Amino acid sequence: MDRQPFAMRPVEAYFEGYPQQAQLFQVVRDMIQSLGPVKVEVMKSGISFATRFKFAWVWLPQRYELQQPPGSLVLSFGLDQRIEHARIKEVANPYPQRWTHHVIINTSDDLDDTLRGWLAQAYGFSTRPGPGHRASRDI
């Protein structure tokens with residue numbers, strides 16, 4: 001049995017038994033890594049991306065919300081402003097000047113220029129020091 005801490009396990013371990021979501025994740029990861037250097041952390045509840053601060057998270061809704069389509073992923077990202085858009089399923093305001101947006105990814109067609117733009121904004125936001133940010137460890 002593998003006793004390695006979960007955060008040290010490869011991304012593939014998180015998606016074991018979820019091949020469709022693993023393929024979607026690869027596209028998401030490539031999209032995010034095209035923005036610049038990032039730290040990827042695998043946790044029990046999901047996978048995070050960080051620069052100076054965490055700015056995006058991917059997780060399996062099937063583990064938490066059974067009403068989501070089979071094979072989907074949730075992509076969450078943090079910004080300093082709220083975005084109103086039909087594709088954004090939910091928005092939370094956990095800290096002043098910090099909005100967390102949740103988007104359901106069903107197919108690779110959902111990973112378009114609109115989403116890339118939001119991720120680019122989140123990436124830029126994560127590189128700025130300021131309130132509402134939790135520092136990430138080394139990238």
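The model is predicted; local features require pLDDT of at least 70 and side-chain atom pairs pLDDT 80 or more, whereas totals for chains, interfaces and linings use all residues. Residues are numbered from 1 along each chain as its sequence is written, and side-chain values use heavy atoms, without hydrogens or water.

Strand β4 spans residues 73-79, and seven of its seven residues are buried. Buried denotes under 20% relative accessible area, with a 1.4 Å probe and protein chains only. Strands are DSSP runs of E with at least two residues, and helices are runs of H or I with at least four; both are numbered from the N terminus. In a regular strand, side chains alternate between the two faces of the sheet. In β4, one side carries L73, L75, F77 and L79, the other V74, S76 and G78, and both faces are covered.

β4 pairs with two strands (pairing requires at least two DSSP bridges). Strand β3 (residues 54-59) pairs antiparallel with β4 over four bridges. Here A56 lies opposite F77. Strand β6 (residues 98-105) also pairs antiparallel with β4, over seven bridges. G78 faces T100 in that strand.

The largest nonpolar core holds 34 residues; F15, F49, F77 and L115 touch the most other members. Such a core joins buried Ala, Val, Leu, Ile, Met, Phe, Trp, Tyr and Cys residues through side-chain atoms within 4.5 Å. Beyond four places in sequence, L115 contacts (heavy atoms within 4.5 Å) L75, F77, R87, V103, I105 and D110.

S48 sits in strand β2 (residues 47-50). S48 counts as buried because its relative accessibility is 1%.

Notes:
Buried < 20%, exposed > 50% of the residue type's maximum accessible area, 1.4 Å probe, protein only.
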